[in-house]
Amino acid sequence: MTESQTRYVPKKIKKLLVANRGEIAVRVMRTCKELGIKTVAIYSEADRGALHVQTADEAYCVGEAPSRDSYLKIDKIIDVAIHSKVQAIHPGYGFLSENATFAEACADAGLIFVGPSPESIRSMGDKTTARLMMEKAGVPMAPGTPDAIDDPTEAVHIAEEIGYPVLIKAAAGGGGKGMRLVEDPSTFLSSIEMAQREAESAFGDGRVFIEKYITQPRHIEFQVLRDHFGTGVHLFERECSIQRRHQKVVEEAPSCVLTPEIRKKMGEAAVRAAEECGYTNAGTVEFLIDGDLNFYFMEMNTRLQVEHPVTEMITGKDLVVEQIRIAEGEPLGYTQDDLTINGHSIECRIYAEDVRSNFLPSPGPLHLHRPPAGPGVRVDAGVDITGEIPIHYDPMISKLMVHAPSRIEAIEKMIRALDEYTVAGVSTTIPFCRFAMAHEAFRSGNFSTHFVQRYFDPSALDEANKELEYAAALAAVLHHHESAASAGVNQPEEDQVQESPWRKRAWM
Ligand code: MV4
């Protein structure tokens with residue numbers, strides 16, 4: 001295709017296929033209903049009775065339970081889209097959402113892919129290409145190799161210049177896959193070789209690059225939106241530092257460590273990042289931020305993210321509405337100055353996992369799913385009052401979001417909502433979320449991406465006796481309030497406190 005042929009032709013969406021399952025499929029369909037758009041679901045044989053199938057106006061089985069036989073079957077999904085006469089496909093997150101070949105297949109079939117162009121997906125998917133583009137856009141990055149390493153002995157010198165520890169990352173990786181930490185030069189060469197071999201077998205692409213390792217960072221990401229007329233905005237940040245093995249568990253917006261000045265700088269860098277790759281639709285620019293509030297580009301996610309609702313709650317924007325309008329060729333219709341932060345929002349991801357057994361997935365039938373409600377509470381679930389968490393997919397049951405005027409009120413509301421949440425039949429991460437909400441480090445804002453590893457001890461949980469656990473959390477909170485600012489109880493050990501770069505920025 002030549003440049004002129006790719007010019008965007010506005011087109012109204014009357015019917016849309018959601019190429020996904022679970023809560024995100026339901027969430028996208030809800031907005032479609034509000035916009036008067038008919039919805040089409042696809043499902044695997046494991047999902048015949050699933051909520052997203054019941055929610056859709058039409059539903060089509062696309063194959064057997066394993067994702068590669070159903071939710072990842074590009075040809076089959078395009079066939080269903082053509083047969084059901086939709087104008088557009090929304091990919092949700094995961095599955096085919098960041099697959100450039102799928103976005104291309106949609107375009108080739110005359111279908112709107114609700115997301116960025118295949119070119120944007122491809123360039124951000126290759127972390128070395130992304131790095132080069134961000135450098136050009138003047139987005140701050142951790143010191144590192146400008147490109148993939150082809151001469152490891154030369155890379156030793158670069159690592160020496162950067163200074164140890166360094167992190168080896170796979171060009172085709174992302175989300176923490178294929179990373180390797182190198183503490184000192186003695187293991188550098190062997191680590192590079194191992195990383196290249198691992199990347200080759202995991203991604204079919206052995207290219208790796210190195211970056212200076214940022215210690216005890218926080219993960220802060222910016223939501224961006226960009227239309228087909230070159231207007232781009234950011235919808236502020238989400239703090240996602242509470243994660244376990246690259247799986248986020250608690251997210252919030254805004255982050256309690258950003259000053260208005262740094263927020264503005266990071267937001268502008270995120271919009272420049274989107275401009276540089278000709279980005280359209282919704283995207284997320286991930287940063288690491290160190291204790292001195294220096295920020296570094298990590299990667300760009302070219303999809304709607306799991307944690308998008310916290311952004312919706314503080315901005316009042318429905319991100320799926322924005323995605324669909326942009327995909328239809330509508331101009332954004334507002335600018336950065338029209339956007340403000342209202343209050344504070346927190347999300348807890350409720351997984352069917354056993355927190356006492358190292359977060360082992362706990363799939364199976366849900367005998368009862370009774371989510372909390374009330375003012376400022378939102379639950380996006382993939383199941384109804386009963387349902388099933390199939391073994392074949394991500395075991396997330398739902399996302400619980402709260403919105404309140406301040407961070408502390410949001411935390412208290414979340415504790416109330418978690419306590420109200422009843423799930424019978426499977427183990428859930430609710431006890432972990434309650435632990436996080438009650439923890440002094442979380443409450444004070446003095447935490448980093450090491451929070452779970454540093455503080456979480458499953459033996460502290462007693463899921464069998466919720467009341468007891470809740471009472472303990474309350475007692476701890478009460479104690480904290482009564483012991484006022486400097487008692488030093490409920491604080492991490494002295495040496496840990498001193499080494500935390502976040503303590504000086506913690507407030508409530
Ligand atoms: C890093 C880093 C420290 N320094 N890069 C993890 C996910 C992937 N996007 C990149 N990741 C990291 N990159 C530099 N230069 C630490 C991590 C990291 C991390 C980042 C965010 C949230 C949780 C994390 C857990 C381990 C490592």
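This is a predicted model: local features need pLDDT of at least 70, side-chain atom pairs count only at pLDDT 80 or more; totals for chains, interfaces and linings use all residues.
Visitor: Which part of lysine 212 faces a nitrogen atom of the ligand, and what is the distance?

Guide: Here, too, a polar backbone atom takes part: for lysine 212 the distance to a ligand nitrogen is 2.7 Å. With glutamate 299, an N or O atom of the side chain lies 3.0 Å from a nitrogen atom of the ligand.

Visitor: How much of the ligand does the protein bury?

Guide: Taken alone, the ligand exposes 520 Å², and 90% of that is buried by the protein. Two or more residues of the shell come from each of β6 (166-170), β8 (208-212), β12 (281-289) and β13 (295-301).

Visitor: Which residues come nearest to the ligand?

Guide: There are 18 residues around the ligand, and Lys169, Glu211, Lys212, Ile214 and Glu299 come nearest. Sorted by class, the shell holds seven nonpolar, six polar and five charged residues.

Visitor: Why is the ligand said to lie between domain 2 and domain 3?

Guide: Domain 2 (143-212) and domain 3 (218-462) both contribute residues to the shell, so the ligand lies between them. The domain assignment also gives a domain 1 (3-114). The centres of domain 1 and domain 2, taken over C-alpha atoms, are 37 Å apart.

Visitor: What makes β7 and β8 edge strands?

Guide: Look at the open sheet of three strands, with the order β7-β6-β8 and antiparallel pairing. β7 (180-182) and β8 each pair on one side only, which makes them the edge strands. From one strand to the next, the twist averages 30°.

Visitor: How do you know that β6 and β8 pair?

Guide: Two strands pair if there are at least two bridges between them, and β6 and β8 have five, so they count as paired, in the antiparallel sense. Lysine 169, for example, has phenylalanine 209 in β8 as its bridge partner.

Visitor: What is the strand order in the open sheet of eight strands?

Guide: The order is β13-β12-β9-β10-β11-β14-β21-β19, again with antiparallel pairing. Its edge strands are β13 and β19 (377-381), each pairing on one side only. On average, neighbouring strands of this sheet are turned by 25° against each other, direction ignored.

Visitor: How many bridges join β9 to β10?

Guide: Six bridges join β9 (218-226) to β10 (232-244), and these strands run antiparallel. Because pairing asks for at least two bridges, β9 and β10 count as paired. Phenylalanine 222 stands opposite glutamate 237 in β10.

Visitor: What is the phi of phenylalanine 95?

Guide: Phenylalanine 95 has a positive phi of about 40°, although it is not a glycine. You will find phenylalanine 95 in the loop between β4 (88-90) and α4 (100-108).

How values were computed. Residues are numbered from 1 along each chain as its sequence is written. Side-chain values use heavy atoms; hydrogens and water are left out. A residue is near a molecule or strand if one of its heavy atoms lies within 4 Å of it. A polar contact is a pair of N or O atoms within 3.5 Å; within protein, one must be able to donate a hydrogen and the other to accept it, and residues adjacent in sequence count only if both atoms are side-chain atoms. Accessible areas come from the Shrake-Rupley method with a 1.4 Å probe; for residues, only the protein chains shown count as cover. Helices (H or I, at least four residues) and strands (E, at least two) are DSSP runs, numbered from the N terminus. Ala, Val, Leu, Ile, Met, Phe, Trp, Tyr, Cys and Pro count as nonpolar, Asp, Glu, Lys and Arg as charged, and the others, Gly among them, as polar. Domain bounds come from an automatic or database domain assignment. Axes are lines fitted to C-alpha atoms, for helices over the stretch in contact, and angles run from 0 to 180 degrees between N-to-C directions.
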